[in-house]
Amino acid sequence: MKKLIALFALVLGFAFTSNAQGALKFKQEKHDFGTITEGTIATYSFEFTNTGKTPVVISNVQPSCGCTTPEWTREPVMPGKTGKVTASFNSAGRPGNFNKTVTVINNGEVSQIVLAIQGSVAAKR
């Protein structure tokens, strides 16, 4: 009987700890650059806080195309601490409107978070 109670306590304890995860909360998930001049590299940093109970690690940030380059906080982000994901859009040869995304892949509650940048590129004269 003692073994059964110990096993039940172990399973119950595991159930509670498995729900304790990190969680990335971004200040904003979309940024509009407005109008930029062709040839400009438009860069924006999305800031986030780990609002969960365990460290969060961003394993990758995948851009929607080759014209957007991501950078991100590489070390584990402890609960209550902040980090950032930066998206840089190269507007050279791309006049007109743009709408690009970067997908943040992490070990938090929501394992994939999509961030967006948009704007319009004015052709060089």
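This is a predicted model: local features need pLDDT of at least 70, side-chain atom pairs count only at pLDDT 80 or more; totals for chains, interfaces and linings use all residues.
Student: Which residues does the disulfide join, and what is the S to S distance?

Tutor: The structure holds one disulfide. Its partners are Cys65 and Cys67, and since the definition asks for sulfur atoms within 2.5 Å, the pair qualifies with an S to S distance of 2.5 Å.

Student: Is the link of Cys65 and Cys67 left-handed or right-handed?

Tutor: The handedness is given together with the angle about the S-S bond, which is -50 degrees for Cys65 and Cys67. With that angle, the link is left-handed.

Student: Which residue of β6 stands opposite Tyr44, and which is the bridge partner of Pro70?

Tutor: On one side of the question, Tyr44 stands opposite Ala87 in β6. For Pro70, the bridge partner in β6 is likewise Ala87.

Student: With which side chain does the side chain of Ser88 make a polar contact?

Tutor: Ser88 has its place in strand β6 and, at 17% relative accessibility, counts as buried. Leaving aside residues up to four places away in sequence, Ser88 touches several residues, among them Ile41, Thr43, Cys67 and Thr69. The polar contact made by the side chain of Ser88, at 3.0 Å, is with the side chain of Thr43.

Student: Which residue forms a salt bridge with Glu47?

Tutor: Side chains of opposite charge can pair when their charged atoms come close. The structure holds one salt bridge, in which the closest N and O atoms are 3.1 Å apart and the partner of Glu47 is Lys27.

Student: Where do the two residues Glu47 and Lys27 lie, and how many residues apart are they?

Tutor: Glu47 lies in strand β3, while Lys27 lies in the loop between β1 and β2, so that the pair links distant parts of the chain. Glu47 is partly exposed at 40%, and Lys27 counts as exposed at 68% relative accessibility.

Note on methods: Residues are numbered from 1 along each chain as its sequence is written. Side-chain values use heavy atoms; hydrogens and water are left out. Two strands pair if DSSP finds at least two bridges between them. Helices (H or I, at least four residues) and strands (E, at least two) are DSSP runs, numbered from the N terminus. Buried means under 20% relative accessible area, exposed over 50%, partly exposed in between (1.4 Å probe, protein chains only). Contact means heavy atoms within 4.5 Å. A polar contact is a pair of N or O atoms within 3.5 Å; within protein, one must be able to donate a hydrogen and the other to accept it, and residues adjacent in sequence count only if both atoms are side-chain atoms. A salt bridge is a side-chain nitrogen of Lys or Arg within 4 Å of a carboxyl oxygen of Asp or Glu.
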